[in-house]
Amino acid sequence: MFLRTSSRRRAAATLATACALAVTLAGCGGTTKKDSDHNSGGGAKATGAKANPGAPLKKGLKLAFLPKQINNPYEKIVDDAGIAAAKEFSGEGKEVGPSDASASSQVSYINTLVQQRQDAILIAANDPNAVCGPLKQAMKKDIKVVAYDSDTAKDCRQLFINQASSEEIGRSQVQHIAEQLGYKGEIAILSATQNATNQNTWIEFMKDELKKPKYKNMKLVKTAYGDDDDQKSFQETQGLLKAYPNLKGIISPTTVGIAAAARYISGSSYKGKVVINGLGTPNQMRKYVKDGTVEQFSLWDPEKLGYLGSYAAAALASGQITGAEGEKFKAGKLGAYTIGKDGEVILGPPTVFDKNNIDDFDF
């Protein structure tokens, strides 16, 4: 369900420096890897591994996607696209994961995937450090580890597939809401979990952006956490508006949070008085844009994120790349990508959605 060609052309004009971004256990899928095929963990720097760019993608690779939580609509889109991409290179993908987004909820799933001897684990980390121990054990058994959407600590994976520049995402969300508010008023942030790597990184850049003189008449009064749970995010929105009667805007850099906030605002007296901005999917947010609750929001194509992650994991598992800076690999129909500092691969700039273009997209 990639963007239609005509939609891409229309979307190109709206690409923002902006915002530049939610099952069941499958069969065992064991492999014939030997325990002696170890590395020391931590990616290319730790192993001294050599890349072979000309190596073909291996057939029959087994990839496991481990999202923050399996009932997150955004991550379901990402993972399904990655699983579909694996079929293009005759691989097998699956999604496993917890129903909650707590810091340690992913650990038992990693341990199971290690026992199953997957070729690669792709993880959107709920906590950058809580998952490190088992991920390092995975790498010692030559299971490749790719973080996506929300990073782990750098020595716990070989690659991080980032939606866009973290700094660009954070700063642009402040820039967007400031323009809507005329650079005046109190704002709040409605985040996911307190330990989410991507959310916290973006929020730090938001706070730094707000230090600039042009935002002198704006004030961040609160960062609330909805834990990527729809009902809790809805309640946190209500709590923010009651606690801060002069609140003029809410930034929610999470697809669950922004949809819940918009739902609350749309049915309240705050509609048209409080600005909602952040990261959301077009299908979630369409009705709120059309009814005037939300003027604009941003996101990358989550299907492309999953697709890129799948090909990156396959390139690692096939020996085409090791995760070292400067290495290149091909990601199917998305083309060639280059690995940046600390094993980061950036998908590309996202799109700003509003009433003029939202019907061009279906995800």
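This is a predicted model: local features need pLDDT of at least 70, side-chain atom pairs count only at pLDDT 80 or more; totals for chains, interfaces and linings use all residues.
Helix packing comes first. Two packed helices are described by the angle between their axes and the distance between the axes. For helix H4 (residues 107-115) and helix H5 (residues 132-140), the angle is about 10 degrees and the axes lie 9 Å apart. H4 and H5 are therefore roughly parallel to each other, since angles under 35 degrees count as such. On the H4 side, the contact is made by Val107, Ile110, Asn111 and Val114, which meet Pro134, Leu135 and Ala138 of H5. Sorted by class, the residues of this contact comprise six nonpolar and one polar, with no charged residues.

Turning to charged pairs, the structure contains 15 salt bridges. One of them joins Glu95 to Lys76, with 3.6 Å between the closest N and O atoms. This pair links distant parts of the chain, as Glu95 sits in strand E2 (residues 92-95) and Lys76 in helix H3 (residues 73-88), 19 residues apart. Glu95 is buried, at 4% relative accessible area, whereas Lys76 is partly exposed at 32%.

Helix H3 also contributes Glu88, whose salt bridge with Lys333 has its closest N and O atoms 4.0 Å apart. Lys333 belongs to the loop between strands E11 (328-330) and E12 (336-338), so the bridge ties together parts that are 245 residues apart in sequence. Here Lys333 is exposed, with a relative accessible area of 57%, and Glu88 is partly exposed, with 42%.

A further salt bridge pairs Asp142 with Lys144, at 3.0 Å between the closest N and O atoms. Asp142 is partly exposed at 26%, while Lys144 is buried at 15%. Elsewhere, salt bridges with shared partners connect Glu167, Arg171, Asp208, Glu209 and Lys212 into one network.

Terms used. Residues are numbered from 1 along each chain as its sequence is written. Side-chain values use heavy atoms; hydrogens and water are left out. Axes are lines fitted to C-alpha atoms, for helices over the stretch in contact, and angles run from 0 to 180 degrees between N-to-C directions. Helices (H or I, at least four residues) and strands (E, at least two) are DSSP runs, numbered from the N terminus. Angles under 35 degrees count as roughly parallel, over 145 as roughly antiparallel, 65 to 115 as roughly perpendicular and the rest as oblique. Contact means heavy atoms within 4.5 Å. Ala, Val, Leu, Ile, Met, Phe, Trp, Tyr, Cys and Pro count as nonpolar, Asp, Glu, Lys and Arg as charged, and the others, Gly among them, as polar. A salt bridge is a side-chain nitrogen of Lys or Arg within 4 Å of a carboxyl oxygen of Asp or Glu. Buried means under 20% relative accessible area, exposed over 50%, partly exposed in between (1.4 Å probe, protein chains only).
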